[in-house]
Amino acid sequence: MTSPEKIEELLRRLWPLNRSLTGRGVQETLKILGEIMPIEIFSFPSGEQVFDWVVPKEWNVEKAYFEDCKGKRWADYSRNNLHLIGYSEPFHGQVSRKELMDHVFTLEDQPDAIPYVTSYYKKRWGFCLSYNDLRKLKGDTFNVNISTSKFNGSLLIGESFLKGRLDDEILFSSYICHPSMANNELSGPVCLVYLYYAISKIKNRKYSYRFVLAPETIGTLCYLKKRGEHLRSFLSAGYLLTCLGGGGDYGFKKSRKGDSVCDRVGEFVMCRQKGSELKEFDPIGSDERQYCSPGFNLPVGSIYKTLYGEFPEYHTSLDNLKFLKGEQLVESLTLLESLVDVFEKNAIWISTNSFGEPFLTKHKLYPDKGTVKLDEFVSTIMWVLNLCDGENDLISICQRSGCDWEVILEVVNLLSDKDLITEVIK
Amino acid sequence: MTSPEKIEELLRRLWPLNRSLTGRGVQETLKILGEIMPIEIFSFPSGEQVFDWVVPKEWNVEKAYFEDCKGKRWADYSRNNLHLIGYSEPFHGQVSRKELMDHVFTLEDQPDAIPYVTSYYKKRWGFCLSYNDLRKLKGDTFNVNISTSKFNGSLLIGESFLKGRLDDEILFSSYICHPSMANNELSGPVCLVYLYYAISKIKNRKYSYRFVLAPETIGTLCYLKKRGEHLRSFLSAGYLLTCLGGGGDYGFKKSRKGDSVCDRVGEFVMCRQKGSELKEFDPIGSDERQYCSPGFNLPVGSIYKTLYGEFPEYHTSLDNLKFLKGEQLVESLTLLESLVDVFEKNAIWISTNSFGEPFLTKHKLYPDKGTVKLDEFVSTIMWVLNLCDGENDLISICQRSGCDWEVILEVVNLLSDKDLITEVIK
Amino acid sequence: MTSPEKIEELLRRLWPLNRSLTGRGVQETLKILGEIMPIEIFSFPSGEQVFDWVVPKEWNVEKAYFEDCKGKRWADYSRNNLHLIGYSEPFHGQVSRKELMDHVFTLEDQPDAIPYVTSYYKKRWGFCLSYNDLRKLKGDTFNVNISTSKFNGSLLIGESFLKGRLDDEILFSSYICHPSMANNELSGPVCLVYLYYAISKIKNRKYSYRFVLAPETIGTLCYLKKRGEHLRSFLSAGYLLTCLGGGGDYGFKKSRKGDSVCDRVGEFVMCRQKGSELKEFDPIGSDERQYCSPGFNLPVGSIYKTLYGEFPEYHTSLDNLKFLKGEQLVESLTLLESLVDVFEKNAIWISTNSFGEPFLTKHKLYPDKGTVKLDEFVSTIMWVLNLCDGENDLISICQRSGCDWEVILEVVNLLSDKDLITEVIK
């Protein structure tokens, strides 16, 4: 397990990069994350047809700001990349106040916040400004200076893979297309790479694990063009990691299928998490919209803490490194590792003495003096022996018995050591 | 849609007729209703065996009253046909007060109401009197004057049919055997004929529609003798229309099957109706007892507003045209038309871009500026596209998404126009 | 039905016997119970392997007590057999107070109660004493005098069988291994033998009935060694009878299967019992642990009133004949007989007039005057006719209709007499 300090250091390095659907920010982000998780990069050229979509041109920014008549700079991209709308066209020239205002976005009810605005598919130039800054703006003419470029480049996505004993795969996916925002951007990829690291340390892994970092929507569609068929054959469960910091309780949004292994394990892990929320699938969200489109219908759910759209800092400059704490991500990593632990340790066992109870006293598993109220451990032994019938897996046993998952694992190890149960390999 | 005034005019014409299992009142009722809905009449002769039953003799009334010693007429059938019990034998002669009282029915706890009493299958003569009238009765001898006739005639039922593209049929059924009562008699047939009229105007109807008007129980059994086998093959859903006026909320009583198309659509339409009640099937009611007898087990439910037996005016002279308003029946017609609309418009569609979302911006279905909270219409587009997988029908989509039915229909039209979804014909 | 007085007389005779896993107490108990229910006795020799277990040596007690320095006897087995721990080793000699205390068990929070302690599988000697007695104990040395014997004898179990028309069997099982305790010992066997008597009087029984009395756990395992295969083929439902006296409401603990005939009927009977409790299966209890072990997985539930472990007198000298009343067991017998009645009378019937309702007036089953609110009996007739479709059994009809079970039975008899329904023999 990594430390809050190391996580915060990584966050600070990723913070200033101008991520978008394409461009240098994505490239640099993948490079930094690659220091923790070895990443294979796939490149899709601008103009490539991807299902109903087309890969957009690559977009980069040199500088962007405007000056008032006194030469004071406003909305300077070099100070905060949110000042420029995503995929802004270049523009140079003098404009009237009225004309400028058609290109300025602000949030009157959050006067300190710079909003986050994009215009990926409609040609536009524009600035985002806090309402407090806007009110300070004097004068009637302004000099606009936006140096951006769009050209036939490429869209990048990153993937990692850890092979296990089984070909069945667990997928973790997050997105890398928002500029300087913290909870609704960096929390996902940062947890994902540290989760990779933790899983890479599991000896004799059962499942194979796949990790994806892609710009939202079009990036994920590119990934599905490449891997969709493979995932339809091998994916047991996938989880979109998003908004894993901030306050509040954890939530799990189920896959479109609703009754897949993904949903069952996600629900099981969440139900053991205090205050957690279980949410039915809906197609209004993030990349689950693509994974769970009807043609793919993959078993992919979402794990989140404070969900997009449900915290006031969302999609503004207030979703920053003051809002997202390293220790929150450590807590989220713990949760994700416990999810992986359930996948790794869940199994079907069968009792070797299935006719009647085994003679527990002989096996030193039972108090030798009658009329002692059975403790939790002995009760768990009796539940496990009774339900290890070659059909119930450990999740079922936990749910039916109400016994503690950790105690069940301990009991299973003990009974297995004593040859009282044996694992059923399908 | 017809007006409350036209409905009330029709009610006033039907009101005075002396309907019963047989006789001139039924004949005239079918004739008047036939002005709106072309009716084919089927005639069953008295004495015909119908399953375990026999068609009764035809019954007609000339006059009926009794006189006190001062020659004053009481319980005069010409003033209110409820005064004579249904299927009363003829009787002429002087009787003592005591003897008369054995033949008089009254309601002490509703002193203004004339009760409604029948004696179809046991020979009897008798009068119904309000308790207030009864108290005014003076003298010890009375002259009874009942001129009725029973003879081998026939029992009549009426049917209409509107052919659609499919052979699958929707049935609407109501009864025409109660004399001057309003909610528990006229509300059903009047809604039924105007519903016929509305459905006849639907262009290129999907379903075929069948409409039945029959005296309760024995009439419906006659109808099932004629059409039962056919309905077992072609009936998708049937609805008994009963007690559609009065105050209160709407209710839907499910068919015996409980999970048929009839139940699913009935429940779906009712759940969108504020304050509505959903009732499980029971065999204590009206003609659903025959439709849902175990041999037929047809998918026939009941739609009602203020149900028989649950309003104090039921089966008395107080269930009259003051109690039943034209605008209540207009409201009920609106509900029935929306039920038909669900049958006509529900369908299974499949997305033509099922791998990933379609590029909605390209199709002008999505805001071109990022970070705008999606409105209800765009959310509905995303739900519809996600769930149009060739398996979910629009009812399922509505129930799973929670989107509004009318908005879904609008979205389906739009997406269909843009060739983004296509209907699945089974 | 027997009387509370006769039951209390039987309880008083069984009370003093020193029951344990083996020994004279079990032998004498079976002999006394055999006066009411003819019992076949099966004997299993000490040392016989039974699944993972071994039949223990036979244990008998001659005398047991200890004396203080003044020669006063304490913990005298001849006064209460709970004073000696079950399966105590013999021991004769002088011991210090400290040494004695290592062999004395007491209950500080129930100072009047002698606890019940056993040490079947670990060699030990020891006494049980009330805390109040313990406090009175003076002196520093004590003379211990325990004359017990263990030898290669046998373990006894008793069985009875009543053949019915079907080979399908209903099992009732209880245990006979606790010394002088009442609710958690005698209540079960005493109800079982009187239930045998009641069932033996049923003429032309449908089911076959089997009755078992065995020492808990190892005794039941011996029984399953003998009969387990047979029960897997023929057992429809089994019920463990335990703790059927004391105060409180009745409870039914389901079998491991949870949806067997045993569970369905047990639940049905209990739901008609006011205040009753329905409990899911768990493997922490009595002999259901063996019947419901995964290899056998027999449909065996438990019927109880005040359950083991849930009343303060449990496993102490306070669970005595003051706590257990004859009338409580009469009430429990009534419940058990009603369970048997459901098994005997539940059946599938089919209406002989399934197309439409039968003409009830003709069959004198319906009021001959219209507009009379139907009473419970006529409603039940209509429900039974509607649901007798050759698929629903009477339990289903009772559950779906909400009609009273006894009224349903009455209606079924009447309709059967009139040839309106006929029984379906599978």
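Trainee: So buried means under 20% relative accessible area, exposed over 50%, and partly exposed in between (1.4 Å probe, protein chains only). Are B:Arg210 and B:Glu159 buried or exposed?

Mentor: B:Arg210 and B:Glu159 are both buried. Bear in mind that this is a predicted model, where local features need pLDDT of at least 70, side-chain atom pairs count only at pLDDT 80 or more, and totals for chains, interfaces and linings use all residues. Residues are numbered from 1 along each chain as its sequence is written, chains are lettered from A and ligands numbered from 1 in the order in which they are written, and side-chain values use heavy atoms, with hydrogens and water left out.

Trainee: Got it. What does B:Arg210 form with B:Glu159?

Mentor: A salt bridge, with the closest N and O atoms 2.8 Å apart. The term stands for a side-chain nitrogen of Lys or Arg within 4 Å of a carboxyl oxygen of Asp or Glu. B:Arg210 sits in strand E12 (residues 208-214) of chain B and B:Glu159 in strand E10 (residues 154-162), so the pair links parts of the chain 51 residues apart. Those strands, like the helices, are DSSP runs numbered from the N terminus (helices H or I, at least four residues; strands E, at least two).

Trainee: How about chain A, which residues are linked in a network of salt bridges there?

Mentor: A:Glu159, A:Glu169, A:Arg210 and A:Arg227.

Trainee: And how many salt bridges over all chains?

Mentor: A search of the whole structure gives 69. One of them, B:Asp341 with B:Lys345, has its closest N and O atoms 3.0 Å apart. The two are four residues apart in helix H9 (residues 326-345) of chain B, so about one helical turn separates them. B:Asp341 is partly exposed at 22%, and B:Lys345 is partly exposed too, at 41%.

Trainee: Switching topic: how are chains B and C related?

Mentor: A 120° rotation with 0.0 Å of shift along its axis superposes chain C on chain B, RMSD 0.1 Å. The two copies are thus related as by a three-fold rotation axis. In chain C, the C-alpha nearest that axis belongs to C:Asp259, 13 Å away.

Trainee: What about the interface of A and C, how many residues are in contact?

Mentor: 26 residues of chain A touch 27 of chain C, contact being heavy atoms within 4.5 Å. The two bury about 2,300 Å², with carbon and sulfur atoms giving 53%. That area is the accessible area (1.4 Å probe) the two parts lose on being put together, summed over both.

Trainee: How many salt bridges cross that interface?

Mentor: Three. C:Arg289 pairs with A:Glu357 in a salt bridge, closest N and O atoms 2.5 Å apart. Helix H10 (376-387) and strand E18 (389-393) of chain A each supply at least two residues of the side touching chain C, and H10(A) has the largest share, six residues.

Note on methods
Copies are superposed by least squares on the C-alpha atoms of residues with pLDDT of at least 70 in both.
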